[in-house]
Amino acid sequence: MQDITRELVLEKLPRRAADTNKGSYGTVAAFAGSVSYRGAPVLAAEGALRCGAGLVFLATVPEAMQLALARSPECCVLPCRAGGDGCLLPEDVQAAAGRFAPGKAVLLAGPGLGPGAGAVLQVLLGGAFVWRGCVLDADGLNALAGGSAGDLSLPEQTILTPHPGEMARLTGLTVAQVQADRPGIAARYASQHHCVLVLKGSGTIVAAPDGRLWKNTTGNPGLSRGGSGDILAGMIAALLAQGLSPADAACCGVWLHGAAADRCAVRKSQLAMLPHDIFEDLGALLAEAGR
């Protein structure tokens, strides 16, 4: 197992060339949020914007859309109605996904989708749409684990980003069992399901389907708050959209996320820092690295 270090990340992290435009840095199509969970899609979209995606589209309910535009007017929105459960209506998801040309956008699905996540994934991954890559997080993972998404095949270039509780649900193990063998469980799942697996927590593990393993060297308990994972999912999706391999996008994303949090803890303290505070530190970190 290899440590994820600053040197490894800077070797992989792309530089902005002079003669480029927004189309040069990829598109993230985020399907996230519900009436009950309005902050998650906002944080995920900003994570993608702050990590360099050329275009970020957010398909969400109107309540979350308003928050997203107030915080990040650079975000493009695809308004979706909420059903009686407060979750995205599948027919609106279908229409929004139809906006993207085959193979041109990286799909980010899961943050804040709530109990309707399974129906959303059935639309997005049921075969009607072709994505350049895919990042599944939060309720997207719960839908896979619970069976509400049906018998779906994960697309190529898929990254899953579970925390230990979500990993336990995906594998049918207990959280204690997951924590007792984090590298082994991550490696086996990635190999069996042909995906890159990001098992979050202290010393986040990144597992590639070919057996390669990495352990993150950054981060602190100040990240132990709702919203941190939404930001990370957006960051990883942005790096995947910019052409990094799934394994490289995952490694760079988790290291940058943790390194920004380490700087943030110095400014704000682990106790008082909030997930969105790390964006300032991420910018400073990237500026120092010439990115």
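Predicted model: local features only at pLDDT ≥ 70, side-chain atom pairs only at ≥ 80, totals over all residues.

Q: What span does helix H11 reach from its first C-alpha to its last?

A: Helix H11 covers residues 246-268, which is 23 residues, and reaches 32 Å from its first C-alpha to its last. That is close to the 33 Å expected at 1.5 Å a residue.

Q: Is H11 mostly covered or mostly open, and how many of its residues are buried?

A: The cut-off to know here is that a residue is buried when its relative accessible area is under 20%. By that rule, 18 of the 23 residues of H11 are buried, and the helix is mostly covered.

Q: Which places lie at the two ends of H11?

A: Serine 245 counts as partly exposed because its relative accessibility is 30%. Between the C-alpha atoms of serine 245 and alanine 259, 14 residues apart along the chain, the separation is 21 Å. At the other end, just after H11, comes serine 269, in the loop between H11 and H12.

Q: What is there to notice about the phi of serine 269?

A: The phi of serine 269 is positive, near 85 degrees, in a residue other than glycine. With a relative accessible area of 29%, serine 269 is partly exposed. Glutamine 157 is another residue other than glycine with a positive phi, near 60 degrees. Glutamine 157 belongs to the loop between H6 and strand S7 (158-160), and its relative accessibility of 36% makes it partly exposed.

Q: How do I describe two helices that pack together?

A: Two packed helices are described by the angle between their axes and the distance between the axes. Take H11 and helix H12 (residues 278-288): their axes are 8 Å apart and the packing angle is about 115 degrees. H11 is therefore roughly perpendicular to H12. Their crossing is right-handed.

Q: Which residues of H11 and H12 meet?

A: On the H11 side, the residues include Trp255, His257, Ala260, Arg263 and Arg267. On the H12 side, they include Ile278, Asp281, Leu285 and Glu288. The whole contact of H11 with H12 divides into eleven nonpolar, one polar and five charged residues.

Q: Could we look at one residue of that contact, histidine 257?

A: Of course. Histidine 257 has its place in helix H11 and counts as buried because its relative accessibility is 6%. Leaving aside residues up to four places away in sequence, histidine 257 touches Leu223, Ser228, Ile231, Leu232, Met235 and Ile278. Histidine 257 and methionine 235 are 22 residues apart in sequence, with their C-alpha atoms 8.0 Å apart in space.

Q: At what angle do H4 and H5 cross?

A: The axes of helix H4 (residues 90-97) and helix H5 (residues 117-125) cross at roughly 30 degrees and come within 9 Å. Angles under 35 degrees count as roughly parallel, and H4 and H5 are therefore roughly parallel to each other. The crossing of H4 and H5 is right-handed. Pro90, Val93, Gln94 and Ala97 in H4 meet Ala119, Val120, Val123 and Leu124 in H5. That contact holds seven nonpolar residues, one polar and no charged.

Q: Which residues of helix H7 are buried, and what covers them?

A: Six of the eight residues of H7 (residues 164-171) are buried, namely Pro164, Gly165, Glu166, Met167, Ala168 and Leu170. Their cover includes helix H6 (139-146), helix H8 (175-180), helix H9 (182-193) and strand S8 (196-199). H7 is followed by glycine 172, with a positive phi near 80 degrees.

Terms used: Residues numbered from 1 in each chain as written. Heavy atoms only, no water. Axes fitted to C-alpha atoms, helices over the stretch in contact; angles between N-to-C directions. Helix = DSSP H or I, 4+ residues; strand = E, 2+ residues; numbered from the N terminus. Parallel < 35°, antiparallel > 145°, perpendicular 65-115°, else oblique. Left-handed = near helix turned anticlockwise from the far one by under 90°. Contact = heavy atoms within 4.5 Å. Nonpolar A, V, L, I, M, F, W, Y, C, P; charged D, E, K, R; others polar. Expected span 1.5 Å × (residues − 1). Buried < 20%, exposed > 50% of the residue type's maximum accessible area, 1.4 Å probe, protein only.
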